[in-house]
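Please look through the sequence and the model below before reading on. The briefing that follows takes up its charged residues and their surroundings, topic by topic.

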Amino acid sequence: MQGQAGSGKLNGESSEVSALPAPHKIAGLIAWVRRDEWREVIQEWLSHHTAMACAEAGQSLAELEDLLGEYGFATIWGATFEDLVASDLPDGRNLADDYLRRHGWKESTATREYIMGLRHSVISLYEVSGLVPGESMALKDLVRGGDPIRVLEKSGSQGLRQWDRIATRVIRLRDCNVISGTLMHFKRENGDVLIGRLNRLKKQAAKGTQRHNKKYERGSDQGVHPDRSAVDQLLVRAAPLFTNLWLEEAISDARPTKLPELHNAEGDPIAFSKLHFPLRQGVTAEQVIKALNQIPSLRSEGDGFWNWLAPPGRKPQALPASAVGQTLISTMDDGSLVLGVVTLEGRRLTLETNSEARAARGRTLLAPIMQNLVGPPLSEHVDLLRLLEQSREKREPLMIAPEDQQAVMHKTMDDHYRRVIEEPIPALGNKSPRGLVKTPKGRERVADWIKTVENHSAHRPPEDPMRGYDTSWLWRELGVEDLRN
C-alpha cells in the first residue's frame, strides 16, 4: 500500500491527511508460515476459514483456486494468514512474535511496526464513505460502532463505491490508519446476515450461554487475548465466520448462472415444441377450419386460432415438495387450463405446446379428424436458453444521446421514488419510508435503505443511464440528512 498525500472531508473532519507510509513488505513473514513448525497450523486454520462454505457448496478446498481464480483464492489465504498472525495458539505461540523474535532484526522499523499492528488487529465489517480514489476513504465499524475513521489506501479505494461494505483489519501506524492486505467485499444483503449472526453471538456471550459454532468459530481456547474487550474477543473467535460467508457468496457468483428448472402443469419439463402440418393438395382452409371446430377441446378464437384446453375442472398437477424449480401454467379468463394453441396460416397448420409430451398428445388428438386433410408434420423444438439469447439480441439501442438517456432515466427514477416513499416496502417490513422516519430506529432503517439505493446505482456499468443517480433529495425529503455518514 502506497501513495501520495490525499485530501477528503467527512462530517467536518480535517481535509489534511498524512502521506501514506512506505510499502510494507512482509514476504519474510509469509515465508515463515511455510516452515515445518507452522505449515500444519496454517492448513488447519485454512480449514476453519473454508470448511463450512465448501461443505454447503459441495466444493473441495483443492477446487477453489480453479473456481475462484488466483485473486479469489489469495483473498481466502490472506484472511486466514492475517487471522493466524493476530491470534495466540493454545500453547501460547504466535506467528508474528515467533518471526520477530528470531528474524525481526533483519526487517526495517516500518515493517516491524506493521507486523506488530497486524498482530494486535481484529477483523470487522466496515461501511465505506468519503472516498478519495487512489488516496483514502472513511470506514465506519458496523460491529463495534463509533465514528468513521479515515484510512490511507491506494489500490483498495479505487475499486470501491460509496456505502460498500468490506471486511478488513484497520491498523494504526504512528499518525495514520491503514488497512491490512486482505479486503473482502460483502454485498449489503450478505453483510446484514453477518451482522445478524455476530449480534446473536454477542447476546449469547452476554448471557453466559454462548455455545461455540463449530461451523464458523474456533473454540474459546484459540486466538483470544485476555486484555481485549469482549467484542474484540468475539471478533477474534469469529474471524472464520467472515471468510466462510464471503466464500459462500464468491462460490455462488463464480458458478455459471443456471436457468431454474421449469415444468408445465403436468410436471413435464418445459421444452417448446411445434408441429407443422402441411395441407394436402386440394384441401381448402375452410375444410380444415370445419374439422378443427368439431374437436371439443379446441376453442376457436377466430382468424385461424384455437386454444387447446384441458377438460373442465382439471387442475394442475401438484409437484412433490422436494421438486426443484418453477411451474408455468397458462389459463383462460374462466380458469380453463391451456395445453397449447393451434394456428392456420396459409397452407400450414401448426400445433404449439410447451413440452414434447404435450406435442405427442396433441398429435394424437388431431390424427383421427385431420389425417385426410394434412400430411405428416415437421417437428420444431426451441431451446429455452437460445430463445432468451435471441430475445436479448433483438433489443435495439435507443436512438438518443447518452446524456439524454440519463436525463430521462433519472427523471423516471425521481417519479418512481416519490411514489415509493409513500408506499409499504418489503425491505422495510412493509412500512413506508415516510412513516418509518417518525421513530429513531425507523430513521436508521430508512437511511440504510437510501444507502442501498445509492450503492446499487454506483455499481452499475459506466454506460448505464441509471448510474450516478442523485439521491440527495431523498435524504432531505425524509429528514435523515444527519445520518448520511
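## Briefing on charged residues

Arg35, at 31% relative accessibility, counts as partly exposed, a class that lies between buried (under 20% relative accessible area) and exposed (over 50%), as judged with a 1.4 Å probe and protein chains only. This is a predicted model, in which local features need pLDDT of at least 70 and side-chain atom pairs count only at pLDDT 80 or more, whereas totals for chains, interfaces and linings use all residues. Residues are numbered from 1 along each chain as its sequence is written, and side-chain values use heavy atoms, with hydrogens and water left out.

**The protein as a whole**

- The protein contains 16 helices and 14 strands, which are DSSP runs numbered from the N terminus, with helices (H or I) having at least four residues and strands (E) at least two.
- Of its 485 residues, 45% count as buried.
- Among contacts (heavy atoms within 4.5 Å) with a separation of 6 or more, 68% are between residues 24 or more positions apart.
- The protein exposes about 26100 Å², of which carbon and sulfur atoms supply 51%; the accessible areas come from the Shrake-Rupley method with a 1.4 Å probe, and for residues only the protein chains shown count as cover.

- Arg35 and Glu37 meet through their side chains in a salt bridge with an N to O distance of 3.3 Å, the term being used for a side-chain nitrogen of Lys or Arg within 4 Å of a carboxyl oxygen of Asp or Glu.
- Glu37 is partly exposed, because its relative accessibility is 31%.
- Glu37 is also one of the residues in contact with Asp98, together with Trp32 and Trp38, when the neighbours of Asp98 within four places in sequence are left aside.
- Asp98 itself belongs to helix 4 (residues 95–103), and it counts as buried because its relative accessibility is 7%.

**Salt bridges between distant parts of the chain**

- By the rule given above, the count of salt bridges comes to 23.
- One of them joins the side chains of Arg144 and Asp232 at 3.0 Å, N to O, and this pair links distant parts of the chain, 88 residues apart, since Arg144 lies in the loop between strand 2 (136–141) and strand 3 (149–152) while Asp232 lies in helix 8.
- Arg144 is partly exposed at 34% relative accessibility, whereas Asp232 is buried at 16%.
- Helix 8 (residues 230–237) is mostly covered, with 6 of its 8 residues buried, namely Asp232, Gln233, Leu234, Leu235, Val236 and Arg237.
- Another salt bridge is formed by the side chains of Arg165 and Asp448, at 3.2 Å, N to O.
- Arg165 is in strand 4 (residues 165–173) and Asp448 is in helix 15 (residues 440–458), so this pair ties together parts that are 283 residues apart in sequence.
- Salt bridges that share partners join Arg165 and Asp448 with Glu127, Arg188, Asp192 and Lys451 into one network.
- Within that pair, Arg165 counts as buried at 4% relative accessibility, and Asp448 as partly exposed at 26%.

**A charged patch on the surface**

- Glu63, Glu65, Asp66 and Glu70 form a negative surface patch, where patches of charge are made of residues with over 30% relative accessible area and no salt bridge, like charges being joined within 9 Å.
- Asp66 is located in helix 3 (residues 64–85), and it counts as exposed because its relative accessibility is 72%.

Definitions and conventions
Patch = residues over 30% accessible without salt bridge, like charges linked within 9 Å, V, L, I, M, F, W, Y side chains within 5 Å. Lys, Arg positive; Asp, Glu negative; His and termini not counted. Charge placed at Lys NZ, Arg CZ, Asp CG, Glu CD.
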